[in-house]
Amino acid sequence: MRKSVHWGIITVMIVALALAAAGQVSAQAKKNPYKDPVKIAYLPDNIGDTVGAAWGVGIKREFAYFPNITYQVFDGKLSAETQNQIMTELINQKYDCIILQAHDAAALAASAREAEKQGIPVIDLNLDAQTPHTCLVAMVDYEAGSLVAQEIAKGVGDNGNVVIIEAPPGASRGINVEAGFRDTLKAHPGVKILAAQDGEWLTEKGNTVMRDFLTKYPKINAVFAINDAMAEGASQAAAAAGRKMIIWGADGEKKALQYIEQGKLTGTIYTNCYDEGATAARMALYAIGAEINGSKFTKTPIIKMAPIVVTKDTVASIAEKDRW
Amino acid sequence: MRQETIRRLFSLLLLSILIVAFGATSKLFLTLPNIFTLLREASVTGILAVGVTFVIITAGIDLSTGAIVAFVAMVCANIFYYTTLPVWVALAAGLLIGAGAGYLNGLLVTRLHLPDFIATLSTQGIFRGLALIIAIRSSTGSISNKVITNQGFLLLGDRVSVVYLVTIAFFVVALLGQGILKMTPLGTHTYAIGSSRKSADLSGINSDRVKKVAFTISGICSAVGALFLTARMQTAIPELGTGLEFDVIAAVVIGGCAFSGGRGDVFGSVVGALFMAILTNGIYKYNLPAAFHIIIKGCVIIIMVIFDSVYHRRMDDRIRKAGKMLDQAAAAAEAAGGGAGGIS
Amino acid sequence: MNVDDILLRAVDIEKSFSGVKVLKKVGLDIRRGEVHAVMGENGAGKSTLIKVLTGVYPRDEGKIFFNGASVTINSRQDAKDLGIAVIYQELSLIPTLTVAQNILLGQEICRAGILDNGAMKLAIRKLIETYGFSLNPDAIVETLSIAQRQTVEILKALSMQSSLIIMDEPTASLSVKESENLFQTIGALKKRGVSILYISHRLEEVYRLADRLTILRDGERIAVLSQGEINPRDVIRLMIGKELRQSEHAGRMRPSRPEVVLRVRNLSRRGVFSDISFDLHRGEVLGIGGLVGSGRSEILHCLFGSDRPDSGDILFEGKPIRGTVSRNIRSGFGLVPEDRRTQGFIPLLSMKRNIVLTNYDHLVGRRLFISGKSELAMCRDAIQRLDIRPANSEIHAGNLSGGNQQKVVVGKWLMRDLKMLLIDEPTAGIDVGVKEDIYALIGELAEKGVAVILVSSDLPELLRISHRILVMRKGRIFREFSEGSVSQEDVLKAASGIQDREIESNE
């Protein structure tokens with residue numbers, strides 16, 4: 001019958017593929033990352049994101065000095081499944097190191113563990129995989145939230161109403177920044193948190209959420225948006241409504257710094273993302289060459305990028321070449 | 001040749017072209033680990049596609065599959081985090097919830113007469129929302145997904161020598177699906193109501209029941225996919241399976257199911273799922289921009305749909321021409337007989 | 001006659017729709033193993049009678065006996081259970097399934113829940129062989145010809161042990177050869193004791209097949225003829241009614257020979273119509289008569305550009321037209337299609353939008369935007385000229401009565417510089433008052449020099465407003481009436497394929 005023929009074709013195809021392929025797994029000898037040909041992959045959560053792009057530039061600049069390095073960027077498309085697929089792919093292709101911004105700490109744990117088991121060091125950026133691995137390079141998050149809380153409390157004179165524009169549920173960086181903010185505000189009982197809503201990391205969504213807040217609450221003294229993009233949206237919404245208030249973001253992207261210069265934004269916590277990317281790149285080279293094995297670690301070592309509080313007074317201190 | 005046969009050969013041809021093209025240009029492609037990797041990547045989409053095949057053959061659509069995956073995964077994650085119940089409880093709960101979710105879709109479509117598109121678009125939101133609600137949270141109320149450590153459950157994400165369990169499950173589900181479709185009255189009725197609902201009703205088929213069964217099968221398949229996906233990721237996240245429904249529908253359409261219903265089968269959807277996985281896998285090999293992937297996918301779907309409409313036009317033409325030939329002969333006879341074709 | 005011979009007897013069946021009696025004490029006797037034909041003009045009540053017998057409509061009065069016992073038929077299922085099957089005009093098969101799957105749909109043979117393909121094929125083969133059909137049980141229905149599909153439909157009825165098969169215009173879409181096969185099938189069924197209720201407009205078929213013929217007119221049974229009594233002249237007389245032979249009901253043809261507007265030469269579309277040639281003059285109303293399915297509407301669509309002919313020429317004002325609908329509309333064509341609701345207007349748009357829809361080119365001029373005022377003005381104009389009721393430009397066209405809907409369809413063409421109007425069954429399902437309005441309108445247009453082609457199955461209408469009549473038969477022009485007095489009988493005879501001299505010889 002025809003149907004069985006079709007099934008037959010498929011089976012034959014699979015078997016043929018299997019036979020054509022030659023099995024091969026060789027022992028991994030330590031390479032010299034500055035001389036031997038090495039392949040390094042960068043897998044951000046979303047290639048279109050400003051922070052992710054800035055890291056990418058930082059990594060690329062660092063590797064540009066070494067012609068033996070093949071550097072490839074992959075797009076996680078904001079999906080844990082896609083990231084897992086690509087991780088499997090990178091392991092199959094025997095990359096020498098993976099620089100990863102995990103979409104979700106738990107969801108990428110299995111893949112990161114598998115990579116480390118195969119001798120491929122995993123360097124995480126900001127968003128950590130929930131398994132011991134070679135290294136995490138991170139902006140401070142809890143501390144950043146805490147710093148903003150102190151600044152806002154100071155700004156409103158320990159007395160006023162605050163709204164939060166949150167990160168999407170499940171994003172660990174957002175969770176940590178917000179936790180730092182909330183915990184620190186507990187020491188300032190005069191500052192009241194009116195509401196918190198998800199702005200999906202996006203300017204437009206931040207704008208929508210802010211307009212909603214503005215119609216609901218006649219008195220808002222300060223806004224904290226978990227990233228700059230949402231803070232920019234909030235600033236536009238407040239300006240359109242003709243209301244003045246303190247608005248803080250976090251990250252310190254180029255546009256946010258401009259907004260601060262123009263007085264549209266009160267402040268942000270700046271991290272040099274070029275530098276952060278470069279740091280991850282250096283860690284990658286270190287890990288490839290070093291006699292370490294991330295799968296044997298019981299805890300992931302962390303490198304923290306120092307936070308810089310930026311306001312209108314201090315924004316000039318961020319040099320043009322460090323703006324991303 | 002039948003349309004189905006031509007379509008079948010056509011999609012197999014496309015598949016072979018992809019394999020040959022990638023195989024010839026990338027020495028990484030035709031390696032054992034890679035082949036089993038891409039079979040693994042095809043499997044979850046494929047398992048879901050088996051269920052959606054049923055729905056699309058009834059001339060319906062199921063947009064809720066990705067959300068059912070998230071909901072089922074979340075339920076399992078909850079069971080493992082909060083209880084020490086045995087693995088089979090989690091598996092059974094997952095499958096039951098999948099079946100229930102699918103049945104709910106069926107009810108909305110048959111009882112409330114909602115169009116499939118609207119019904120499943122709504123339930124997509126509902127199931128995704130339920131997944132968010134039951135997501136495991138930290139003391140401050142923010143979502144904190146937990147790694148599942150139940151070793152029995154994690155076996156589902158593992159492999160037997162080189163073949164991943166999920167791939168085996170995929171082929172079992174596909175065989176079962178094809179069997180139901182081709183070897184049971186239910187299968188015949190599925191084709192019947194998709195091809196011509198009114199005619200099916202006139203033949204005494206309970207169309208509503210068939211429709212409900214099709215959605216339930218789709219729900220169960222989503223649950224099976226969810227279990228394997230969860231085991232592989234070793235966690236459940238509320239956004240799991242976002243957009244997966246479109247990959248699934250694409251696989252089904254590439255495999256030969258017509259949106260107008262009544263055509264296609266599970267085998268085609270298997271080919272469709274393999275096609276998509278190979279495409280993704282090959283594109284990773286060259287690390288082409290992600291855009292390529294979607295563009296090629298889109299083009300292939302368009303080609304398939306054009307193929308269908310061209311085929312139909314030619315078919316109509318042929319039947320019309322056949323009628324004409326007979327009529328010409330008749331007219332000639334009538335002319336010869338001096339209009340004696342009628343009375344006397 | 002033995003009472004046992006009667007399979008189905010209907011007595012004094014009555015049925016009204018919103019107060020109008022469609023069936024008046026109609027009786028019907030069908031004997032076992034006979035082919036019983038039913039004939040009647042459009043609106044005589046044939047299809048209502050069938051629908052009552054098959055449970056689609058409940059009857060108001062009367063009794064139905066089947067196999068001697070009084071029965072109630074309230075649903076299709078009831079009819080099916082009794083063994084009454086209908087071969088529908090639009091076939092009720094599943095195109096993507098095989099012949100065998102279709103025949104046994106809903107009554108599949110299973111073993112342990114799995115289809116028993118062997119047993120099913122065997123059963124179908126046996127069935128096919130019993131009646132001597134040539135059909136492959138594994139063939140996919142959509143690859144079959146219409147005639148073959150009909151055979152499948154008949155087999156399906158037989159597989160359900162039907163003892164009465166109702167065929168409603170079964171040859172409407174069949175070629176001559178295919179019809180011939182169907183007649184043989186009917187012969188085979190008859191031999192096996194199956195009764196057939198045969199509805200047809202085609203006299204020659206009835207003449208050939210029927211054992212008996214019931215004639216309906218205006219919802220009444222006029223006569224029951226047995227085979228020897230069936231002859232074309234009497235049948236037509238009985239169908240039309242005697243009084244209509246008088247000359248006041250005949251149409252006077254008014255040949256006019258001013259300039260030719262449209263010249264059609266050897267127009268053919270495969271399997272639909274062939275070798276159509278005629279001239280149409282300015283200010284002329286050309287009627288096209290003939291049976292449904294004889295290719296009349298399809299010609300209109302080809303002229304309008306919504307279908308493409310396979311060969312032949314269409315010259316409009318001396319120039320060949322390369323048919324796209326929009327180009328034809330611009331050069332002055334208008335079409336009032338048969339299926340008003342799906343082709344004539346857009347139910348969910350307001351009356352205003354419907355009227356304006358084809359006329360934006362007139363409204364826009366050089367500007368990009370259209371003023372609501374000019375739209376409204378155009379709509380007011382149409383309402384006034386056509387007396388559309390209610391005179392509310394914002395009402396959804398779908399909510400108007402049938403007659404007023406038709407006025408909207410006609411209205412949108414009146415608003416432009418119309419040169420040729422193609423109008424298909426303009427008064428089907430429209431009440432008398434509005435009918436008159438539409439006739440007056442067509443006359444008015446013709447007087448102004450618009451050339452009109454009218455397709456109609458309503459004989460009095462055709463005779464009354466046409467200046468000239470072409471009668472189509474099986475895709476060809478069978479006769480032209482261009483002068484003198486023409487009666488309904490003349491047209492009907494032509495549509496049934498009877499030449500004048502045969503009638504004379506019969507007389």
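The questions and answers below go through a predicted model, from the contacts between its chains to single residues in loops.

This is a predicted model, in which local features need pLDDT of at least 70, side-chain atom pairs count only at pLDDT 80 or more, and totals for chains, interfaces and linings use all residues. Residues are numbered from 1 along each chain as its sequence is written, while chains are lettered from A and ligands numbered from 1 in the order in which they are written.

Q: Of the two pairs of chains in contact, which chains share the most contacts?
A: Two residues are in contact if their C-beta atoms, placed from the backbone, lie within 7 Å. No contact joins chain A and chain C, and their closest C-alpha atoms lie 13 Å apart. Of the two pairs of chains that are in contact, the one sharing the most contacts is chains B and C.

Q: Which helix gives the most to the side of chain A that touches chain B?
A: The contact takes 33 residues from chain A and 31 residues from chain B. On chain A, at least two residues each are supplied by helix H1 (2–20), helix H3 (80–92), helix H4 (109–117) and helix H6 (172–185), where helices (H or I, at least four residues) and strands (E, at least two) are DSSP runs numbered from the N terminus. With eight residues, the helix that gives the most to this side is H1(A).

Q: How many residues of H6(A) are buried?
A: A residue is buried if 20 or more other C-beta atoms lie within 10 Å of its own, exposed if 12 or fewer, and partly exposed in between, with C-beta atoms placed from the backbone. The buried residues of H6(A) include A:Ile175, A:Val177, A:Phe181 and A:Leu185, and what covers the buried residues of this helix includes helix H5 (142–155), strand E6 (160–166), strand E7 (191–198) and strand E8 (222–225) of chain A. H6(A) is mostly covered, and of its 14 residues the number buried is 11.

Q: How many bridges join strand E9 and E10(C)?
A: Two strands pair if DSSP finds at least two bridges between them. Strand E3 (residues 35–39) of chain C runs parallel to E10(C) and is joined to it by four bridges, with C:His36 standing opposite C:Leu197. C:Leu197 is also the bridge partner of C:Ile166, and strand E9 (residues 164–168) of chain C pairs with E10(C) in the parallel sense, the number of bridges being five.

Q: Why is strand E10 of chain C largely enclosed by the rest of the structure?
A: In a regular strand the side chains alternate between the two faces of the sheet. From E10(C), C:Ser195, C:Leu197 and C:Ile199 point one way and C:Ile196 and C:Tyr198 the other way, and all are buried. The strand, residues 195–199, is therefore largely enclosed, because the number of its five residues that are buried is five.

Q: Which domains of chain C have centres that 44 Å separate?
A: Domain bounds come from an automatic or database domain assignment. Chain C is divided into domain 1 (3–244), domain 2 (245–332 + 420–507) and domain 3 (345–416). Taken over C-alpha atoms, the centres that 44 Å separate are those of domain 1 and domain 3 of chain C.

Q: What is the value of omega for the peptide bond from C:Arg389 to C:Pro390?
A: Most residues other than glycine have a negative phi, and most peptide bonds are trans. C:Pro390 has its place in the loop between helix H14 (372–386) and helix H15 (402–414) of chain C. The peptide bond from C:Arg389 to C:Pro390 is cis, with omega near -10°.

Q: Where does C:Gln161 lie, and what is its phi?
A: C:Gln161 counts as exposed because it has 8 C-beta neighbours inside 10 Å. This residue lies in the loop between helix H5 (146–159) and E9 of chain C.

Q: Which residues is A:Asn159 in contact with, leaving aside its neighbours within four places in sequence?
A: A:Asn159 has its place in the loop between H5 and E6 of chain A, and it counts as exposed, with 12 C-beta neighbours inside 10 Å. Leaving aside its neighbours within four places in sequence, A:Asn159 is in contact with A:Gly190 and A:Val191.
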